Amino acid sequence: MIPTIRTYTRHDVPGLRNCVMALQEYERTIDPRLLEPEDMADRYLEHVMARCREANGRIFVAEHNGETVGFVVVLAEERSAEPDEPPGTYALVSDLAVLEPWRRQGIGRALLEQAESFARNAGATEIRVNILAGNRSAAKLYEQIGFTPYLMVLSKELSR
């Protein structure tokens with residue numbers, strides 16, 4: 001059963017915080033330098049809310065029996081920041097997470113469809129997403145629904 005996908009309300013803060021922490025914990029398995037979930041969750045939620053206000057963003061939650069089981073954040077009017085980028089705006093999926101027991105049931109896809117619909121209705125003609133290179137399951141999902149690679153950021157650790 002696919003949970004209900006709906007727009008976030010202030011009553012969703014505890015469930016959203018739980019999802020943010022679960023996402024951070026998962027991403028720490030890819031990059032252990034990331035902060036502990038408890039150390040970043042509240043600040044990160046404040047940051048996400050501010051980004052939504054700045055870039056016509058929305059948060060959508062997946063809810064089942066009153067429990068938040070996933071979320072997506074989409075910014076419909078992200079501005080190109082660099083002079084060598086295509087000018088204008090694009091939509092950006094800044095976060096997508098589904099709690100472990102609910103994965104591989106179509107919830108991530110449903111959240112992304114909601115994000116795309118919102119972005120399209122807001123006038124966006126392009127949507128992007130950033131993921132950690134080691135997050136193969138996320139890359140597979142995004143590619144299955146039509147995302148293609150756009151920009152690669154390579155990293156090299158420097159010895160001291």
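**Ground rules.** The model is predicted, so I took local features only at pLDDT of at least 70 and side-chain atom pairs only at pLDDT 80 or more, while totals for chains, interfaces and linings use all residues. Residues are numbered from 1 along each chain as its sequence is written, and side-chain values use heavy atoms, without hydrogens and water.

**Cysteines.** I searched the whole structure for disulfides (a pair of cysteine sulfur atoms within 2.5 Å) and found zero. Cysteine 19 is in no disulfide; its nearest cysteine sulfur belongs to cysteine 52, 15 Å away. Cysteine 52 is likewise in no disulfide, with the sulfur of cysteine 19 as its nearest at 15 Å. I then checked burial (buried is under 20% relative accessible area, exposed over 50%, partly exposed in between, with a 1.4 Å probe and protein chains only). Cysteine 19 counts as buried at 1%. Cysteine 52 counts as buried at 11%.

**Arginine 17.** I placed arginine 17 in helix α1, residues 13-30. Helices (H or I, at least four residues) and strands (E, at least two) are DSSP runs, numbered from the N terminus. Arginine 17 is buried, with a relative accessible area of 18%. I listed its contacts (heavy atoms within 4.5 Å), leaving out residues up to four places away in sequence: Glu38, Ala41, Asp42 and Leu45.

**Strand β3.** How is β3 paired with β2? Strand β2 (residues 57-64) runs antiparallel to β3 over eight bridges. Strands pair if DSSP finds at least two bridges between them. Histidine 64 sits opposite glutamate 67 of β3. Two residues lie between the strands of this hairpin, and asparagine 65 has a positive phi near 50°. On to β4 (residues 89-98): β3 joins it through eight bridges, also antiparallel. Valine 74 has valine 93 in β4 as its bridge partner. Ten of the 13 residues of β3 (residues 67-79) are buried, so the strand is largely enclosed by the rest of the structure.

**Helix α4.** Which residues of α4 (residues 136-144) are buried? I noted Ala138, Leu141 and Tyr142. They span an arc of only 95° around the axis, so they lie on the same side of α4. The arc is taken from the directions from the helix axis to the C-beta atoms. Their cover includes β4, α3 (107-121) and β5 (127-129). Exposed Arg136 and Lys140 are on the face turned away from the buried side. After α4 comes glycine 146, with a positive phi near 110°.
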